[in-house]
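Visitor: I'm new to this one and would like to learn how to read it. Could you walk me through it feature by feature?

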Amino acid sequence: MRFKFKWLLTIAIVFTTLVGYSQKKSISGVVTDGKMPLPGVTVAIKGTNEGASTDLDGKYSISAAAGDVLEFSFIGMKTKSVTVGASSTINVSLQEDVQVLTEVQLVSEGYNRTSTKARTTGASATISSETIQNRPNASFFNSLQGQIAGLNVISSSGSPGSGQIDLIVRGVGSINASLDPLIVIDGVPTAANQFRNLNQNDIETATLLKDSYSTSIYGNRGANGVLVITTKSAKYGSSLKVSYDGMTGVSRLPSESYNLSNAKQALTIENRFGLGLGASLTQAQIDAYQIDTNWRDQFFNQDIFQQHNVGLTFGGANTSNYTSFNYFEQGGLVPTTDFQRFTVRNNFNGRSANEKFTYSSQFTIGFSRRNQLAQETNSGIDNNTIQNPLQGALLGLPYLEPSPYLTGQELFDGIGFNFNGANDTYVLEDILRGSVPNEFTETSALANFSAGYKLSKTLSIQNKFGVDYRLSRRIFARDPRGFLAIAVRESREEEFGGFESHASTRDVTFTNIASLNYSKTFKDKHRIDAGLYMEYTKVHVNGNSFTQNGLNEKTWSFGAGTGYIPFDPSTPNSYLPAVSASKITAGTLSYFGTFDYDYSERFGAGLVLRRDASYRFVEDNKWATFWAISGRWNIDKEAFMKDTKWRMLKLRASYGTQGNQNVLAAGYGTNALVTGATIVRDLYGTGAGYDASSSGSGFTQLGNPTLAWEEQSQSNVGLDFNYNNKLEGTIDVYERTTRELYAPDFLSAGTGQYSQNANNGTLRNRGIELLLRYQVLKGADYGLKVFVNGAYNQNEIRQINDPGNQAGNSTVLLPGRIVNEWNLIPYVGVNQSNGNLLFLDRNGNVTENPDPVNDRRLTGKSAIPVYTGGFGLNADFKNFFLDAQFSYALEVYRYDNQMRWANLTEFIGQENVSADMLNAWTIDNPSNYPALNATNYTFDSDSTRWLKDSSFLRLKNVSFGYNVPRDFLAKTFFTSMKIFVQGENLLTWTKWRGFDPESISASLITGYPNPQTLSFGVSAQF
């Protein structure tokens, strides 16, 4: 019995053990990359079809039995296997698999085409959301500066919400035509050139397409490069995730080094020159002078900005949704300027249960309001010392107190029409009290809808429809209580002064893209991808405006339509209103095809062929054909590379053509498709007749019916490499030639004009681009990466049919020379015998009296930079991180008009001048600064004296922060959090003496400087 009992007990124990091992239980845990949770990780039971995936918090749950092996896999990470034991919790940390990550990294190739980094044959560069989001910039364009080799980002104005940002890809490809790259958002091309209403925290990736193969698919709109923006989306099968990003900070004015005089210095200069207040004072009185006003503090101030962004993501089995809300507010360095924006975005994706049918929508709406100076959109008042407040900070006389006048009427009663001395500065102060309000509002909506169906395993169709809607409105006025309105009123001897203008523009662009795509792999080696596309774009732009002259100050309220003085026929020259309206309809139609071939991931080739039509040209020139071919060799896939440390070594080449139909550059914020809509047609207009009372009609424009596309061809050779997962980079060499330039062509005077822009000339750009990233250190809790990118570009005008006589021009366009080359008289110093300025004549002889036309010389310099790029680092230690990014532009030469004004002797006693004048030549002080009474100052404006190097190196962005440990957040509703401090434009190294070396203008009197910004932020997920 005892033996039987033992035997039965043994069987029971074994049975119980077997049952225990075969009994499934719930296994859960969190999958991370060592620091942050990984969503979308596949968790599978090895040898079965059972599995699960992690949610946005990296959490998973799966039923498994003890002894089962769980496999954790994720793209770009090494697969990890864990055997289930007694514990019901299994937390896993996956390590990055750089080799796989490099090969599968997706690269946008335009429209709905994507490829891997290893298979792409074009020249492109992609930056991720981490380098764009949470930056204190109203436009994401500013956040791109120094990030991509070959992309030159120039911000010419720091006014809040300004649209004066230029993107130039691989040098200037034209003289007069648009230089803006095409911006594509979620697969649909846009016609805009400013995006102040786009929330940069919504951007997932930004890819710049640069060579002909990459851009030819966009044909008539891809000549200047293509920037492809992909916004964020949620994943299928993900739980609800809420994120918050917030920032607040302060902006301040950068410094300048014009060495402007303080009060005692200005009075001393006036005393020596014999003009102004200083001329009536003794040196003792000057030394005892007490007033010393810093006009920069009067015209500029610090101001705050803030940004708040809330994002929500979730996904079901066959649907996913991303929604965001953003508020951005930025105060201006100049009083009366500011910017506010509110945006909402929703990105929705769906699919059928069998995944054959897919559909999506991307919709964003934005509203922004900005108050800005009239100078921002009216360059005609740049030099106006009573209308441009930016002048006040530099020209205000420091020995005078700020304006003693509290109102415009008091100011007029005090100075009348006398703008001498400090009076013009007092007028500018009145403007900063709000006497010239200037408000812009913009309501925008960008919507894309797409649907696709897989007809078979190899064939699919898709249609994408997009609407880009913008309603812009400007209200501009002269307050009837302000000085300028009062002065005009009194000069016209009218009872009421001031005016108010309303202007609005509605821009609606419709785009439809239909495609048929084929993809198949034969014998596991030969892969073919092909596509047929049709794209149709239609633009409707309507504008209207009115101006009311004469406002009743007792009842007028800005923008309310009150206080308008009615027109009186008995006084026909007073209170005359003005109205206008415009309407433009434009469109393009395109057919194109793509073909890509890959052999065993070793070799690849591509072909793009596109046929374009534009409304802009006459019927004979309406259509054009563009094409490109490319090829690659993945050297690292060859057998002889098997045992090396090269993870990628790819040689690629391309050649192709593009067209530019936008032969006239569009203004900031203007749809390029409607610019120059009638330039091929003769135009007639109506107006007053000879007796000024009857109406008549007349010829207003000589059309050019032979005008056609600007045509570009580009060749590119590139090398992509990754060595031992530590050093990776890209090298590109290219040549880009533009033919049929839109440039002046001289006509017979019998036509009524001497020249007309036509297809006339050839321009070539040659360049080299380099990108390097190096992993210096990498450990379990620390890391250091450094990166650098740079571009060299040199342009040359190859041919112009008849350049004409440009000898007296300061910049010229000549065959064999660079675009807009400076053509100036060489300035060589000061005549030590009399203090006059010295120059070189055309024969190299020193002279005091050069010929303003014939003694000019080509300098080999222009305002177009030769070298551009950026560099920086990404470092982390424990939970701390430090990111820094520098940008630079070299060999840039601009004419410093502001510096010239600060050194004009005719300004002495009227405006502030540079203290450099204290070192002016005298018999007792034989210096290299011309004598104040030099007799030949008139020649210096035509000389190289004020041609200055505006190259710069800028600390564009630096961020230092801390990732709060997950253990610390375990008992809170936060899943992750980081806090950081950030600086933008904090340091700039340059020889340029003004506030800001950065501008698209070759010669500028004043500009709204880009601010230095210091901010604090927090990012949290729930």
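Visitor: Which strand holds Phe592?

Guide: Helices (H or I, at least four residues) and strands (E, at least two) are DSSP runs, numbered from the N terminus. Phe592 sits in strand 26, residues 578-599. Before we go on: this is a predicted model, where local features need pLDDT of at least 70, side-chain atom pairs count only at pLDDT 80 or more, and totals for chains, interfaces and linings use all residues. Residues are numbered from 1 along each chain as its sequence is written, and side-chain values use heavy atoms, with hydrogens and water left out.

Visitor: Is Phe592 buried or exposed?

Guide: Buried means under 20% relative accessible area, exposed over 50%, and partly exposed in between (1.4 Å probe, protein chains only). Phe592 has 4% relative accessibility, so it counts as buried.

Visitor: And what does Phe592 touch?

Guide: A contact means heavy atoms within 4.5 Å. Leaving aside residues up to four places away in sequence, Phe592 touches Tyr111, Ile217, Gly531, Leu532, Tyr533, Glu535, Leu609 and Arg610.

Visitor: Glu535 is on that list. Which residue forms a salt bridge with Glu535?

Guide: A salt bridge is a side-chain nitrogen of Lys or Arg within 4 Å of a carboxyl oxygen of Asp or Glu. Glu535 makes one with Arg221, and their closest N and O atoms are 3.8 Å apart. Glu535 lies in strand 25 (residues 526-551) and Arg221 in the loop between helix 3 (212-215) and strand 16 (226-231), so the pair ties together parts that are 314 residues apart in sequence. Glu535 is buried at 2% relative accessible area, and Arg221 is buried too, at 10%.

Visitor: Which residue does Arg632 pair with?

Guide: Arg632 forms a salt bridge with Asp598, with 2.2 Å between the closest N and O atoms. That pair links distant parts of the chain, 34 residues apart: Arg632 is in strand 28 (residues 623-634) and Asp598 in strand 26. Arg632 counts as buried at 6% relative accessibility, and Asp598 does at 4%.

Visitor: How many salt bridges are there?

Guide: The count comes to 38. One of the places to look is a network of salt bridges that links Arg196, Glu442, Asp468 and Arg470.

Visitor: What about the surface? Which residues form a nonpolar patch there?

Guide: Patches are made of residues with over 30% relative accessible area and no salt bridge; like charges are joined within 9 Å, and nonpolar side chains (Val, Leu, Ile, Met, Phe, Trp, Tyr) within 5 Å. Accessible areas come from the Shrake-Rupley method with a 1.4 Å probe, and for residues only the protein chains shown count as cover. Here Phe357, Tyr359, Tyr453, Leu455, Ile461, Leu516 and Leu532 form a nonpolar surface patch, with about 600 Å² of accessible area together. Tyr453, found in strand 22 (residues 438-454), is partly exposed at 36%.

Visitor: Now zoom out for me. How many helices and strands does the protein have?

Guide: There are 12 helices and 51 strands. Buried residues make up 52% of the 1022 residues. Of the contacts with a separation of 6 or more, 70% are between residues 24 or more positions apart.

Visitor: What is the radius of gyration?

Guide: This radius is taken over C-alpha atoms, and the globule rule is 2.2 Å times the number of residues to the power 0.38. With 1022 residues, a compact globule would have a radius near 31 Å, and the protein's 33 Å agrees with that. Its C-alpha atoms fill a box of roughly 135 × 70 × 65 Å, taken along the principal axes.
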